[in-house]
Amino acid sequence: HVVPQEMDPMHSSTLFDSAKPPNGMILLPRARFNFSVSGTALEGGCAPEDDPNGICCRSKLCTGDGSPDCQCAVVGDEYFGVDVQFPWESQPQRNHVKILDLGPLLMDQDLVTNQDFLQYLNESRYQPSDGFNFLKHWKSGRPNPGDELKPVVNLGLEEARAFCNFYGKRLPHSYEWQYAAQGSD
C-alpha cells in the first residue's frame, strides 16, 4: 500500500520585470529541461530494472531475498524504503525522469549570507516560533567576526520561507534548483 505525498505549495513571488532583473538576481530562460534524479535508501529496495541510473543496484550480495546484506532487494511486491513523489507522479519512487517546461524564472545569484540574514532580522523583527538551534552558531544575536560573508546556516524551512517572503521571493522547487545548477543540458 502506498501513501500518496503532496508537496507543500510554494506560492508565486512578487512579479519582477525579467528584462531588468533585480540587483543580485539572474534570469533563467524558459527551457525544456530533462529532470532526472535517483535516490537510495539505506534500507534497500531497488530492483535493477527500476534503476536506470545504476545508483542502488551495485552490490554482488543482492539476492532479492530482502536480507540486511542486500541493498537492492524487492521481495514480492514489497518495495523497501521511502522516497519522494513529485506532483506529476502517482506514487513515491526512487527514480524520477521527466521533461519539464521551466522558466523563465529569477534566482538569487549568491547564497544568503549571515550578513544578509542579520539585515533581514533587523528590518523585519522576525522571531522564530521555535528558537531551538536557531542561528546557534551566532554569538549575542550576531554572526561571529569573520563569518559575515559565509552562508547562513542553522535555519529551518519556516525561517527560510519567511526570509524569502519578506523580500517578495520564494524558495525554488528542487527541480528548479537542478535546472539552475545544471542548465538546460
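In which loop does Thr113 lie? Thr113 lies in the loop between strand S6 (105-108) and helix H1. The structure is a predicted model, in which local features need pLDDT of at least 70, side-chain atom pairs count only at pLDDT 80 or more, and totals for chains, interfaces and linings use all residues. Residues are numbered from 1 along each chain as its sequence is written, and side-chain values use heavy atoms, with hydrogens and water left out.

**Surroundings of Thr113**

- Thr113 has a relative accessible area of 12% and is therefore buried (under 20% relative accessible area, with exposed over 50% and partly exposed in between, for a 1.4 Å probe and protein chains only).
- Leaving aside residues up to four places away in sequence, Thr113 touches Glu148, Leu149, Lys150, Pro151 and Val152 (contact means heavy atoms within 4.5 Å).

**Packing of helices H1 and H2**

- Helix H1 (residues 114-124) packs against helix H2 (residues 157-166) at an angle of about 70°, and their axes are 11 Å apart.
- H1 is thus roughly perpendicular to H2 (65 to 115 degrees, whereas under 35 is roughly parallel, over 145 roughly antiparallel and the rest oblique).
- H1 contributes Asp116, Phe117, Tyr120, Glu123 and Ser124 to the contact, and H2 contributes Glu159, Ala162, Phe163 and Phe166.
- By class, this contact has five nonpolar, one polar and three charged residues (Ala, Val, Leu, Ile, Met, Phe, Trp, Tyr, Cys and Pro count as nonpolar, Asp, Glu, Lys and Arg as charged, and the others, Gly among them, as polar).

**Aromatic pairs**

- A search of the whole structure finds 17 aromatic pairs (ring centres of Phe, Tyr and Trp, the last by its six-membered ring, within 6.5 Å).
- Phe35 and Phe86 form an edge-to-face pair, at 5.1 Å centre to centre and 85° between the planes (edge-to-face means over 60 degrees, stacked under 30 and tilted the rest).
- This pair links distant parts of the chain, 51 residues apart: Phe35 is in strand S2 (residues 31-38), and Phe86 is in the loop between strand S4 (78-79) and strand S5 (95-102).
- Both Phe35 and Phe86 are buried.
- The rings of Phe86 and Tyr175 have centres 6.1 Å apart and planes at 65°, so this pair is also edge-to-face.
- Because Tyr175 lies in helix H3 (residues 174-182) and Phe86 in the loop between S4 and S5, the pair ties together parts that are 89 residues apart in sequence.
- Phe86 has a relative accessible area of 5%, and Tyr175 counts as buried at 11%.
- Ring pairs also link Phe117, Tyr120, Tyr126, Phe134, Phe163, Phe166 and Tyr167 into a cluster.

Conventions:
Axes fitted to C-alpha atoms, helices over the stretch in contact; angles between N-to-C directions. Helix = DSSP H or I, 4+ residues; strand = E, 2+ residues; numbered from the N terminus.
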